[in-house]
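This report describes the nonpolar cores, a surface patch and the salt bridges of the structure shown below.

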Amino acid sequence: MPEDYQDLVLATYKKKCEERKLHLNLLKPTTVKLKRECLKKYDASDEAKDVFSDFFDKDKMDNISLILSQADPGDFRALLNHINGITTRTDEKNSELLAWLIDFRPRPSTTYYKSFDRERQNEIEEVIGATDVKLEEPQKVTGENEAWNSENEEIIINEEADKQGDLIEEVKGPIVETTDIGVTGQPIYIKEKEEETNKVDYIETEYVRLFSPRYITISCIILLLVGSTSFAVWERSATTVKVPSEGEKFMYWDEDHYEPVKDEKQNVGMPIIPLNVRTLTQQRKINLPDTLTNYSIGKVWYKGHGKDHEFFTDSGSYPKDIQRVLKPLTSTILIKYTSNYRYMLTRLVWFLCAAVFISLCGFAVSKLEKEVKRSGEETKTEEGEIVEFRSNELQATSV
């Protein structure tokens, strides 16, 4: 009988792996690499369409190329388990796909089984199934011819046995002992060829992702939220005002707040006025006027002269020109010189840029791989076919 098609395809794959005759995607397979190899080899031929239409259970007239490109790598899990020896048997469609990937011939399985010479198999079965051989019965004689006839009968029997033995010798293959009886009265034996086996050490190297996609996604989201929140808090935080010490009786304007000083004659480049604790602690310049809304009316004052309008958190004199007085904020000034929508749009653009940057970093991290080495023992036949593999340990190193 012919060797099982599924077993022969798997054995051929392993042999080609040893001889390094396959692409790297098949030498160190994963579900992603199996899909990648299918996309690389797919040529839209009738045979390829037949293989993948059966594999994905789709109609041959469908867009197989699109179905393959959109396929989940998990669809190839059963084939990977069969290749790695996790499962001894698998669905026929997986064996057909593997045969197509490694260019096994003859394929598919129907062609493989038809390729065997049935007449040769029938000849083997007829030889093994023969229970006796018809011999010409020698004539019985008496007297002096009795010894000669007995000897002649023995010669005929031996000749027929030799013919049968020669015919069996011509039929080569793994044939087992039969219960049929030959002309000599003994069972017919056809010795099966013993294959020498030897055990060798085996080390398999595989590259897997250093971090899982789920872990990377969660980390990127947390980093984005924490960064955005920290920036918003920092942007809106008020400047810390120095508490005046004993002897500091004056103050001057320093960019967006007042600073206390001891001497009114110090050269600070700004007008120095007598210390006013309320003004020192409460009057500050609003650096982000676009954050103002209708709720700010009655709580904010502005400088109304000149081209640029500046906004402050408390009433009083204009810090850079104490001769001018700040005016309370009105809805007209708010609409004309500020825009909360502009502020929100600007921050949204910044947020999207940060999200894109973090996503690119996460994508780069997802490409990091670690090298996994699996050692064990495999038993090989004299012809190089792997018949057993036992894994002993698993080691991982980052690359």
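Two residues are said to be in contact when heavy atoms lie within 4.5 Å. Apart from neighbours within four places in sequence, Phe52 is in contact with Cys38, Tyr42, Asp57, Ile64, Leu68, Leu97 and Trp100. The model is a predicted one, in which local features need pLDDT of at least 70 and side-chain atom pairs count only at pLDDT 80 or more, while totals for chains, interfaces and linings use all residues. Residues are numbered from 1 along each chain as its sequence is written, and side-chain values use heavy atoms, with hydrogens and water left out.

**Nonpolar cores**

A nonpolar core is a set of buried Ala, Val, Leu, Ile, Met, Phe, Trp, Tyr and Cys residues joined through side-chain atoms within 4.5 Å. Buried denotes under 20% relative accessible area, exposed over 50%, and partly exposed the range in between (1.4 Å probe, protein chains only). The largest nonpolar core has 31 residues, and Tyr13, Phe52, Phe76, Leu97, Leu98 and Ile102 have the most contacts inside it. Two or more residues of this core come from each of helices H1 (5-18), H2 (24-27), H3 (31-41), H4 (46-55), H5 (64-69), H6 (77-83) and H7 (92-101). Helices (H or I, at least four residues) and strands (E, at least two) are DSSP runs, numbered from the N terminus.

**Salt bridges**

A salt bridge places a side-chain nitrogen of Lys or Arg within 4 Å of a carboxyl oxygen of Asp or Glu. The whole structure contains 11 salt bridges, including those tabulated here.

| Asp103 | Arg105 | 3.4 Å |

Glu310 is buried, at 13% relative accessible area, whereas Lys285 is partly exposed, at 25%.

Glu47, Asp103, Arg105 and Arg107 are linked in a network of salt bridges. Within this network, Asp103 is partly exposed because its relative accessibility is 39%. Arg105 is exposed, at 58%, and Arg107 is buried, at 11%.
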